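Please examine the sequence and the structure shown below. The paragraphs that follow lead through selected helices, strands and side chains in turn.

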Amino acid sequence: MPLLRGVRHPASESDTQPNPGGAPVSPLRPGNRRAALAACNSALVSLLLVLDAAKVYLCVSKDSSMSRLPAAALIRWACWCVCLLAVTLAGNASPGAAEPRAVASSLFAPPLEAFDHLLWPTSTPEALPAIEPTPAPSPTATPVPAPPPTPTPQPAAEPAPPRPEPQPTPSPAQQAGYADPAAAAAVYALTNELRANSGLPPLALNSALDGSANSYAAVLATYDWFAHEGPDGSTLKSRAEAAGYSGWRYLSENLYRGFYGDAAERIVRAWVNSPGHYSNLTGQQITEIGVGCYVSGDLRWCVQDFGDR
């Protein structure tokens, strides 16, 4: 509802007084005119305030919990209170020292601003956020793998004829060995001592059998071999005859391989603990002997060749 504006009907001739310049001048001063308008506005605002207060009272009397009290009525009542306070302050303001202003005889002053916006407050609409269009995804080309090249068939190579496998030959030991005549002499003495304890005659040392035994001990150590048949296919008979022991009637042989630090007693004891070797040591049909020992690395090889002619 708009407030009272400062507009009135055109004044009569009695309402204006001429001035020396010839223009009509209002008999009312600006201060009196402002006070009259303020009083009218105060009365109107007070009337509206009382009406809204009556509405609130009726609502409260019907529902003491105030749960049904309209929010718009409270807001409107608060706005009337603010308007009344503003109008009262405007009416009490003292007029300035400005000179009287000449106006037309039909108008007092420019219309006052209405407080319509205080009577019916409305919320200020908020600006909606601008929606930016989402760019459409551009299509991406999918790489297509190139087909693998087709291998060109090649003629199969003819298999090479199998080469004959070489006959395995024992390789000589990496470390060079040496003859051990002291160990051979001790073995020879212990053998005759064993025969004497058994009531048998001692064996004579034969140079041909001794050479055959020493040569074969070196072969066993060089090729890391341990058998009565040599790595070259030799036998006791062929080795003894090659050494010059001919016209023989009986031949036998004992072999030993062990740690090079073993004493001669340990070597003879190992033969005694074997029935076959012990039979050669104490054979009644033998009369001659040859002993050879050879060391290679950490091992010692010993050979006993027995014979009779």
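In this predicted model, the buried residues of helix α5 are Ala 208, Leu 209, Ser 212, Ala 213, Tyr 216, Ala 217, Ala 218, Leu 220 and Ala 221. These buried residues pack against α6 (236-242), β5, β6 (288-296) and β7. Helix α5 covers residues 207-222, and its 16 residues should span 22 Å at 1.5 Å a residue. The C-alpha atoms at its ends are 22 Å apart, which agrees with that expectation. Just after α5, Asp 224 adopts a positive phi of about 50 degrees.

Strand β6, one of the elements against which α5 packs, may be considered next. How many of the residues of β6 are buried? Nine of the nine are buried, so β6 is largely enclosed by the rest of the structure. In a regular strand, side chains alternate between the two faces of the sheet. In β6, Glu 288, Gly 290, Gly 292, Tyr 294 and Ser 296 point one way, whereas Ile 289, Val 291, Cys 293 and Val 295 point the other way. The residues of both sets are buried.

Strand β3 (residues 178-179) pairs with β6 in the antiparallel sense over two bridges, and Ala 179 has Tyr 294 as its bridge partner in β6. Strand β4 (residues 204-205) also pairs with β6 over two bridges, but in the parallel sense. Here the bridge partner of Leu 205 in β6 is Ile 289. Strands β6 and β7 run antiparallel and are joined by nine bridges; Gly 290 stands opposite Asp 305 in β7. The hairpin formed by β6 and β7 has two residues between the strands, and in this hairpin Gly 297 takes a positive phi near 70 degrees.

A covalent link also deserves attention. The structure holds one disulfide, which joins Cys 293 to Cys 302 with an S to S distance of 2.5 Å. The torsion about this S-S bond is about 110 degrees, so the disulfide is right-handed. Cys 293 is buried, with a relative accessible area of 1%, and Cys 302 likewise counts as buried at 1% relative accessibility.

Is Asn 280 buried or exposed? Its relative accessible area is 15%, and because buried means under 20%, Asn 280 counts as buried. Leaving aside residues up to four places away in sequence, Asn 280 touches Tyr 250, Ser 252, Glu 253, Asn 254, Ile 286 and Phe 306.

Note on methods
Residues numbered from 1 in each chain as written. Predicted model: local features only at pLDDT ≥ 70, side-chain atom pairs only at ≥ 80, totals over all residues. Heavy atoms only, no water. Buried < 20%, exposed > 50% of the residue type's maximum accessible area, 1.4 Å probe, protein only. Contact = heavy atoms within 4.5 Å. Helix = DSSP H or I, 4+ residues; strand = E, 2+ residues; numbered from the N terminus. Expected span 1.5 Å × (residues − 1). Disulfide = S-S within 2.5 Å. Pairing = 2+ DSSP bridges.
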